[in-house]
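User: Hi! I am new to protein structures and would like to learn how ligands sit among residues. Could you take me through this one?

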Amino acid sequence: MNIISFVKRVPATTANVAIVDNKLNPEGVEFVLNPYDEFAVEESLAIKEAAGAGSVTAISFGAGEAQKELRTVLAMGADAAVLLANPAAPEADGATTARVLAENCKGREFDLLMFGKQAVDRDQHGVGPAVATLLGVPCITEVVKLEVAEGKVIAEREIEGAREIIEASLPCAITCQKGLNTPRFASLRGIMAAKKKPLEVVDVEVGEAAVEVVAMNMPPARPAGRIVGEGAAAVPELVSALRNEAKVL
Amino acid sequence: MSNILVVLESREGSLRAASLEALGAARTFADQRGSSVIALATEKCELDASLLGGAGADKVLIADAAGHSADGAAATAARVAKESDATVVLLSATVRGRDLTARIAALLGTGFAADCTAADAEAMTFTRPEFGGKAFTTIKINGPVAVASLRGNFFAAAGREASAEMSEVASEAGVSMVTEISSQTGGRPDVSEATKVVAGGRGMGEAENWSMIEAVADAIPGCALGASRAVVDSGWRPHSEQVGQTGKTVAPELYIAAGISGAIQHLAGMNSSKVIVAINKDAEAPIFKHATYGIVGDALEVLPALADELKKLGL
Ligand SMILES: Cc1cc2nc3c(=O)[nH]c(=O)nc-3n(C[C@H](O)[C@H](O)[C@H](O)COP(=O)(O)OP(=O)(O)OC[C@H]3O[C@@H](n4cnc5c(N)ncnc54)[C@H](O)[C@@H]3O)c2cc1C
Ligand SMILES: Nc1ncnc2c1ncn2[C@@H]1O[C@H](COP(=O)(O)O)[C@@H](O)[C@H]1O
């Protein structure tokens with residue numbers, strides 16, 4: 001089973017966001033492996049281990065700094081890593097990112113392409129299905145349960161108010177949702193081993209972006225609220241405010 | 001003439017309400033650009049010509065696929081977009097809609113904007129949250145077609161008197177198929193689709209106390225249940241109810257947060273709600289900084305009183 005796991009370096013969810021020139025100001029921001037990509041890496045490793053043969057290759061389209069996150073994925077147990085390097089990568093839109101990733105998948109052998117359901121920086125929810133579409137392979141998004149057997153996958157996902165079971169044949173792409181597994185931590189041995197594993201850095205062109213950023217702003221401030229009172233005694237006033245002032249009841 | 005295409009979402013033959021909001025947004029684009037709104041159902045379903053016409057559609061095309069295949073639906077939508085000379089393709093930012101948005105853009109060789117909270121028909125720009133709602137980016141799509149998914153509760157159906165012209169179209173075959181769908185919200189709307197939400201956090205104390213949350217929800221028609229991650233991780237509530245950065249993003253008219261501290265990752269999922277009510281026994285809890293109305297007190301006493309007061313209204 002040959003698996004490619006796509007990973008992105010993103011700001012931690014606790015990071016404060018400041019904007020300069022319509023971009024995130026990276027100063028003082030802690031960067032981490034995208035949390036949803038941890039589910040994808042874990043699932044990739046577990047599938048390879050169950051198959052007893054094959055490889056897991058981590059690929060990231062990122063700036064030079066993303067080597068750190070790729071080392072983390074190697075320490076978790078991936079066999080090899082590739083950085084598709086370009087300083088503009090962290091800001092690239094979903095369609096452009098998908099084009100770069102798809103172009104660099106051509107010529108690689110794979111049974112599974114594993115993605116996070118979303119990168120928590122641009123929150124586009126789209127790179128997985130876009131890469132799959134460009135490569136002409138099926139894709140199942142936001143998967144919470146996955147079975148791989150006899151050349152096909154059976155996946156379960158949550159949609160609004162329901163669960164879906166979806167089948168597709170290999171090769172296939174999957175985007176991973178929380179609940180799929182519990183990602184392993186890199187062991188000390190894993191971290192030592194990762195230092196000797198191949199991490200290839202390939203400079204790539206980005207080409208013309210599919211999307212242009214016109215403006216980036218902080219969210220509008222919420223109008224100041226008020227405390228209507230303390231305990232159960234405040235309930236009548238709350239309900240009256242909801243009904244007569246806010247008019248939501 | 002360039003047209004605006006809306007890809008409708010249906011499940012087991014019935015239309016999802018979120019699609020009506022996309023039709024309303026499409027109507028705004030069409031009126032600005034002097035073009036028509038074409039609605040496409042990518043699988044067989046029952047549609048009402050005056051409901052869709054009223055929401056904004058001029059024409060409705062129903063494809064003959066028997067179930068949902070994401071790749072099949074995307075191929076049908078991309079073909080119809082080309083045939084109808086669409087310059088804008090709009091979808092709902094649901095699980096299926098986000099998936100289709102990226103695929104349709106890839107098939108049309110263009111960019112996409114996911115989860116938009118605003119659109120400017122004149123400037124042809126889309127505004128969308130990034131970094132879990134800590135920033136809002138306005139973008140323009142380079143390329144012949146703009147493909148965008150729209151977040152629920154940010155756009156409204158047109159509300160006009162009109163009947164759409166209905167016809168059938170052929171569907172493209174898909175390779176991956178949905179083989180089974182099972183409903184799981186027990187009659188309540190899903191938290192990501194509801195206009196009213198009552199959510200509980202660790203301050204609720206234990207799973208059994210959720211009967212108090214449910215009593216409040218029962219007193220408000222169309223009210224969904226929500227939960228913080230702490231509650232989901234404790235196994236008190238299912239992940240499908242989790243609101244926040246690693247759960248669902250919601251923007252209801254009313255969000256009641258009981259025993260929720262207001263961590264940044266929770267706020268990321270509900271901060272654009274129109275009215276936020278916080279019930280927390282700690283007057284210093286961060287949630288109060290974001291609340292429209294707050295009650296400082298024990299949720300286990302406040303919620304039953306709230307349920308009683310709401311029942312009196314007979315909503
Ligand atoms: C990568 C990452 C992703 C995350 N994603 C999410 C997410 O999607 N959603 C999410 O919610 N969190 C998420 N979190 C977790 C988040 O940081 C908080 O830990 C979580 O939201 C806390 O849940 P809580 O408010 O229920 O619990 P607590 O923070 O423990 O707060 C409980 C609150 O209840 C109050 N309280 C206690 N007893 C009572 C009472 N009797 N009556 C009234 N009030 C009472 C307390 O004063 C306190 O404010 C994420 C964290 C990380 C690191
Ligand atoms: N620059 C990138 N390099 C590698 N993988 C990426 C990159 N951007 C996004 N992905 C993958 O696509 C998923 C969804 O990202 P997005 O569509 O941006 O929300 C992520 O979880 C990653 O698996």
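User: How many residues surround ligand 1?

Analyst: Keep in mind that this is a predicted model. A residue is counted here if one of its heavy atoms lies within 4 Å of the ligand. Among those that surround ligand 1, the closest are B:Arg202, B:Ser228, B:Thr246, B:Ser261 and B:Gln265.

User: Why is the site of ligand 1 shared between chains?

Analyst: Let's look at where the surrounding residues come from. The site is shared because ligand 1 is surrounded by residues from chains A and B.  The elements giving two or more residues to this shell are α6 (229–233) and α7 (264–270), and they belong to chain B. So the names to remember for the shared site are chains A and B.

User: Which residue has a polar side-chain atom 2.9 Å from a nitrogen atom of ligand 1?

Analyst: Let's go through the polar contacts one by one. B:Gln242 has a side-chain N or O atom 2.8 Å from an oxygen atom of ligand 1, while B:Ala299 places a polar backbone atom 2.8 Å from a nitrogen atom of the ligand. The side-chain contact at 2.9 Å to a nitrogen atom belongs to B:Asp298.

User: Does ligand 2 sit in a cavity or a pocket, and which one?

Analyst: Good one to ask next! Around ligand 2 there are 18 residues, and A:Phe6, A:Asp37, A:Phe61, A:Ala119 and A:Gly126 come nearest. Taking a polar backbone atom in each case, A:Phe6 is 2.8 Å from an oxygen atom of ligand 2, and A:Phe61 is 2.7 Å from a nitrogen atom. The protein buries 99% of the 490 Å² that ligand 2 exposes when taken alone. Ligand 2 sits in the largest cavity.

User: Which element gives the most residues to the shell around ligand 2?

Analyst: Three elements of chain A each supply at least two residues: β6 (55–62), α3 (94–103) and β8 (112–116). One of them gives the most, with 3 residues, and that is β6(A).

User: How many charged residues does the shell around ligand 2 have?

Analyst: Sorting the shell by class gives 8 nonpolar and 8 polar residues. For ligand 1, the classes are 5 nonpolar, 15 polar and 5 charged. Back at ligand 2, the number of charged residues is 2.

Key
Residues are numbered from 1 along each chain as its sequence is written. Chains are lettered from A and ligands numbered from 1 in the order in which they are written. This is a predicted model: local features need pLDDT of at least 70, side-chain atom pairs count only at pLDDT 80 or more; totals for chains, interfaces and linings use all residues. Side-chain values use heavy atoms; hydrogens and water are left out. A polar contact is a pair of N or O atoms within 3.5 Å; within protein, one must be able to donate a hydrogen and the other to accept it, and residues adjacent in sequence count only if both atoms are side-chain atoms. Accessible areas come from the Shrake-Rupley method with a 1.4 Å probe; for residues, only the protein chains shown count as cover. On a 1 Å grid over the protein atoms alone, a cavity is a set of points where a 1.4 Å probe fits but cannot get out, and a pocket is an open set with protein on both sides within 12 Å along at least five of seven lines; lining residues have an atom within 4 Å of a point. A molecule sits in a cavity or pocket if more than half of its atoms lie within 2 Å of its grid points. Helices (H or I, at least four residues) and strands (E, at least two) are DSSP runs, numbered from the N terminus. Ala, Val, Leu, Ile, Met, Phe, Trp, Tyr, Cys and Pro count as nonpolar, Asp, Glu, Lys and Arg as charged, and the others, Gly among them, as polar.
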